[in-house]
Amino acid sequence: MLIEILQQMLNGLAIGSVYTVIALGLTVVFGILGIAHFAHGSVAMSGGYLTFLFGERLGAGFFTAMALAMLAGAVIGLLIERLAYRPVRDAPHINAFIIALGLTMMIEGLNLLAFGADQVVIQTPYRGVFQIGGVAVAELRLLVIVTACTLIAAVGLLISRTKTGKSIRAVAQNRPAAVLMGVNVNQVSAIVFSVSSALGAAAGALVGALLAIAPGVGEGLAVKGFAVLILGGLGSIPGAIVGGLVLGISESLAAGFLSSAYKDVIAFTVMIVVLLFRPEGLLGKR
Amino acid sequence: MSARTRQGLVLLALLLAALALPLAVKLPYFLHLIILALIWVVLAQGQNLIQGFTGYVSIAQAGFMGIGAYASTLLSVKLGWPVWLAMAAAPMLTAVLALLAGYPSLRVKGHYFAIVTLAYNMVIFIVLTTWSSLTGGEAGISKVPRPPDIAVGPFVWLLSERVGYYYLVLAAAALTTGLCALILHSRVGRVLVAIRQNEGLIEATGVQTWRYKLLAFVVSASLAGLAGALYAHFIGFLNPDAFGVDHSLNAILAVILGGSGTLAGPVVGAFAVVFLPEYLRVAENYRLVIYGFILVAATIFMPRGLVPLATQGLGAWWTRPKQEPK
């Protein structure tokens with residue numbers, strides 16, 4: 001029983017770390033531009049499909065393919081920011097959200113046209129399984145966790161240690177003041193969108209390797225990403241990490257012990273319960 | 001002629017045209033689409049209440065429509081309730097569920113409310129698909145009965161016929177629009193619009209905004225439930241496909257396209273989202289892309305929707321009183 005629980009928690013850790021990467025991409029965009037970038041999940045799916053494509057057609061290794069997909073993701077992010085979000089920057093926030101919904105439909109539609117409706121699983125050479133005290137640890141899951149941690153750390157360093165990061169934080173704290181201090185806001189939002197979309201593409205690749213990519217998965221991922229933010233507390237990177245782990249682990253435990261068909265229902269129930277008792281999130285400030 | 005009488009005349013003309021419409025429409029499929037569009041008017045008016053008036057985007061409208069549809073169907077098919085009673089119970093049941101769901105979700109604001117409602121829609125869809133002993137799962141429930149005909153003296157209202165059902169949904173759409181007009185012009189409506197404009201300010205004046213938001217959410221959901229019941233008994237076959245997240249997005253599209261926060265907007269928008277796919281059928285594969293593009297372009301280039309655009313184009317003939325010569 002205990003081993004079974006540990007096993008499911010490990011599985012939850014892997015998928016939870018992917019949710020954290022998704023949530024991180026969402027939280028930087030939200031924190032800086034105030035946009036709930038719902039199309040993020042669909043961008044992630046494009047990243048997953050592209051990773052698959054680069055692996056199949058170009059014969060690239062998983063991580064090379066993922067890096068290429070991240071580059072493509074960054075370009076997609078730039079385009080989205082420039083063409084769709086910038087025109088409504090001064091309009092009420094609800095407009096940007098509706099644009100995000102429209103983008104979701106467009107990107108889902110384009111994914112469907114380009115890659116078909118079939119489920120895609122990205123094949124990786126990492127098929128080893130270690131036994132640690134009776135718990136089966138799949139090599140792939142470990143790699144997913146390590147990759148996710150690396151990405152999270154890289155973004156954390158970018159934001160906290162670099163000059164670019166400083167201007168990003170300045171815009172997040174007080175946009176007009178940042179403009180007056182000579183921060184180029186257009187450049188900052190372009191950077192933020194490309195970083196966020198690159199993160200999304202990486203998450204899509206990890207999902208494709210760990211589970212599968214199919215039409216409709218993207219919307220689910222975006223909702224999970226936002227659920228992580230709601231769970232953890234808005235605008236906090238530690239909150240996103242805690243939220244991602246809570247969501248991933250509760251989902252795996254639900255799938256393992258209750259019902260795999262209802263695992264999403266249970267994950268969302270956890271979110272609602274947290275909202276009822278701590279609307280500011282687990283690590284949010286009151 | 002004052003603006004009020006002019007508006008009254010236009011409404012009367014529209015009503016007469018709507019009543020006479022089945023005489024003019026010869027193609028049964030066309031009438032079928034009009035009935036669907038009128039059901040969507042009920043749905044879109046509900047969506048407008050929370051999205052257009054209050055400024056909170058709910059992405060659960062199709063899910064609540066599903067609850068209404070399944071409630072009415074299951075009550076009449078499995079429990080043998082009279083169809084009229086089941087159809088009346090459906091919006092109430094939906095309202096009770098929306099009350100339970102709305103309370104926690106309204107503790108977060110703006111975008112996060114939207115995401116939580118989206119999660120509700122996903123949950124409803126999963127349950128409808130998975131709980132097959134009750135809902136029939138993907139295979140669905142067939143032979144959902146039409147409401148019985150009503151005979152008043154020598155006149156018989158044939159609801160089993162398409163034309164008869166048309167008048168039922170026409171009445172539902174008109175009453176729903178009337179209800180929304182009443183809400184908009186009442187104190188409640190003014191509070192809702194104030195919440196959209198500046199929630200912090202209205203809260204500071206001592207109004208408990210969450211009650212009004214919850215009310216808007218519950219009424220909006222129960223209208224969706226009514227639309228679901230009307231839909232189920234019209235189509236006669238029910239499966240979860242019509243109640244997924246993409247249909248909730250369509251409801252949002254209807255409100256934005258028509259004109260969010262206006263009374264006529266959702267009517268125009270509902271007809272647009274029902275008839276548009278028929279004309280886009282040639283481009284079936286591109287439908288999602290085109291829809292998304294319309295939504296993005298509409299938000300950027302005409303954020304107030306078709307109706308305000310059209311009324312402006314008509315020289316504000318509809319809203320502003322004409323300058324009387326002195």
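Contact here means heavy atoms within 4.5 Å. In this predicted model, the contact defined in that way takes 40 residues from chain A and 39 residues from chain B. The size of an interface is often given as the accessible area lost when the parts come together. Chain A and chain B bury about 3500 Å² between them, and 86% of that area lies on carbon and sulfur atoms. On the side of chain A, the residues that lose the most area to chain B are Ile98(A), Met105(A) and Met106(A), which together account for 18% of what that side buries.

The elements of chain A that give two or more residues to the side touching chain B are listed below.

| Helix of chain A | Residues |
|---|---|
| H3 | 62–85 |
| H4 | 93–115 |
| H9 | 217–232 |
| H11 | 263–277 |

The largest share of this side of chain A, 15 residues, comes from H4(A). By class, the side of chain A that touches chain B has 31 nonpolar, six polar and three charged residues.

On chain B, Leu9(B), Leu12(B), Leu15(B), Leu16(B) and Leu19(B) make a nonpolar surface patch of about 470 Å². One of these residues, Leu12(B), lies in helix H1 of chain B, which covers residues 3–24.

Definitions and conventions. Residues numbered from 1 in each chain as written. Chains lettered and ligands numbered in written order. Predicted model: local features only at pLDDT ≥ 70, side-chain atom pairs only at ≥ 80, totals over all residues. Heavy atoms only, no water. Patch = residues over 30% accessible without salt bridge, like charges linked within 9 Å, V, L, I, M, F, W, Y side chains within 5 Å. Areas by Shrake-Rupley, 256 points an atom, 1.4 Å probe, with all protein chains shown as cover. Salt bridge = Lys/Arg side-chain N within 4 Å of Asp/Glu carboxyl O. Helix = DSSP H or I, 4+ residues; strand = E, 2+ residues; numbered from the N terminus. Buried area = accessible area lost by both parts, 1.4 Å probe. Nonpolar A, V, L, I, M, F, W, Y, C, P; charged D, E, K, R; others polar.
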